[in-house]
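Open the model in your viewer and keep the selection tool at hand. The stops below follow one another, each with something to select and a note on what is there.

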Amino acid sequence: MRVLITGASSGIGRQLAMDYLKEGHQVWACGRDAGRLAQLQVLGANVLCFDGRNPQACHQAADEVTDLDLLILNSGSCEYIDNAREFDSLLFARVIETNLIATAHVLAAFLPRLQRGGRLALVSSSVTWLPLPRAEAYGASKAALDYLAATLRLDLAAAGIGVTLVRPGFVATPLTARNDFPMPALQTAERASRLIRHGLARGQHEVHFPRRLIWPLRLLGALPSGLWLRLSRFITRSKDATA
Ligand SMILES: NC(=O)c1ccc[n+]([C@@H]2O[C@H](COP(=O)([O-])OP(=O)(O)OC[C@H]3O[C@@H](n4cnc5c(N)ncnc54)[C@H](OP(=O)(O)O)[C@@H]3O)[C@@H](O)[C@H]2O)c1
């Protein structure tokens, strides 16, 4: 199988690239950090170094690639809105550009390489089940990816291309290493990669994990918004009181 993975220089994407290589697949590993990508090249990956926010760079990179069977759009970043009253619109734009607009540029460049019978995966997040404090930018970018995946699934079906939405819970990577709050049910990148690869191989429309985080999120997300507001303020106050 011919697999292209964005955000392969680090975290979940890097683990996916290493595991697909180990399974004997042809891997295109994408990212911006040439040094970290070179480590994957040593393992046999083809590497493409480009910034997804630059449409021209995406198209130049796509010129290097022939046919693909699996396209995993995984690259992303996370920044939090610490003070919603002084809303940081530049931070918001940065996160939307990296997580959503860059995804569109990469789609425009690489989707034509995906063969009939192939699969596209978009890596969103479990955050879209439940509004969490400070996640205005990250959550909005990922909620947009959920809708994008759902509509692409309809529009790419006639071309014989399947679409999978990946919604991980917390995974230990450089992205979450910056988090200053407890992360329940934290997964390893190895386990995340195993579950994602398994779901993709089965042609699942959605891959989400781990169950012990997802079910509480879904239940809380189904509460009336007023109840979740009161509950989240209670949790924040108890946390502040014990800090
Ligand atoms: N870790 C979690 O708990 C978690 C949970 C839910 C969802 N996710 C999602 O999973 C995906 C991977 O996250 P991770 O935790 O593995 O993060 P990570 O270790 O920080 O890796 C992020 C990757 O995205 C790439 N990237 C960022 N901006 C880019 C840009 N403008 N152009 C090209 N590449 C860019 C980075 O490449 P360079 O370093 O080379 O720039 C890096 O390879 C993200 O979409 C994230 O939102 C993660």
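Start with the aromatic rings: select Tyr80, Phe170 and Phe181, which ring pairs link into a cluster. Rings of Phe, Tyr and Trp (its six-membered ring) pair if their centres lie within 6.5 Å; planes under 30 degrees apart count as stacked, over 60 as edge-to-face and the rest as tilted. The structure holds four aromatic pairs. For one of them, select Phe87 and Phe92: the ring centres are 5.6 Å apart and the planes stand at 50°, so this pair is tilted.

Before going on, note that this is a predicted model, in which local features need pLDDT of at least 70 and side-chain atom pairs count only at pLDDT 80 or more, while totals for chains, interfaces and linings use all residues. Residues are numbered from 1 along each chain as its sequence is written, and side-chain values use heavy atoms, with hydrogens and water left out.

Buried means under 20% relative accessible area, exposed over 50%, and partly exposed in between (1.4 Å probe, protein chains only). Phe87 is partly exposed at 41%, and Phe92 is partly exposed at 26%.

Next, select Trp129 and Arg167. Arg167 lies over the ring face of Trp129, 3.5 Å from the ring centre. A charge sits over a ring if NZ of Lys or CZ of Arg is within 6 Å of the ring centre and within 35 degrees of the ring normal. Trp215 has Arg218 over its face, at 5.1 Å from the ring centre.

Now select helix α5, residues 136-156. Helices (H or I, at least four residues) and strands (E, at least two) are DSSP runs, numbered from the N terminus. What span should the 21 residues of α5 have at 1.5 Å a residue? The expected span is 1.5 Å times one less than the number of residues. For α5 that gives 30 Å, and the end C-alpha atoms are 30 Å apart, which agrees. The buried residues of α5 include Tyr138, Ser141, Lys142 and Leu145. Against what do the buried residues of α5 pack? They pack against α4 (89-110), β5 (114-123) and β6 (162-168), where contact means heavy atoms within 4.5 Å.

In helix α4, pick Asn99. Asn99 is buried, with a relative accessible area of 1%. Leaving aside residues up to four places away in sequence, Asn99 touches Gly76, Ser77, Tyr138, Ser141, Lys142 and Leu145. Its side chain reaches the backbone nitrogen of Ser77 at 2.8 Å. A polar contact is a pair of N or O atoms within 3.5 Å; within protein, one must be able to donate a hydrogen and the other to accept it, and residues adjacent in sequence count only if both atoms are side-chain atoms.

Turn to the ligand. Of the 31 residues around the ligand, Ser10, Arg32, Tyr138, Val171 and Thr173 come nearest; a residue is counted if one of its heavy atoms lies within 4 Å. Ligand oxygen atoms lie 2.8 Å from a polar backbone atom of Ile12, 2.8 Å from one of Asp33 and 3.2 Å from a backbone N or O atom of Gly7.

Finish at two helices. In α9 (residues 225-242), select Ser232, which is buried at 14%. A polar side-chain atom of Ser232 lies 3.1 Å from the backbone oxygen of Leu229. In α7 (residues 189-201), select Ala201, which is exposed at 70%.
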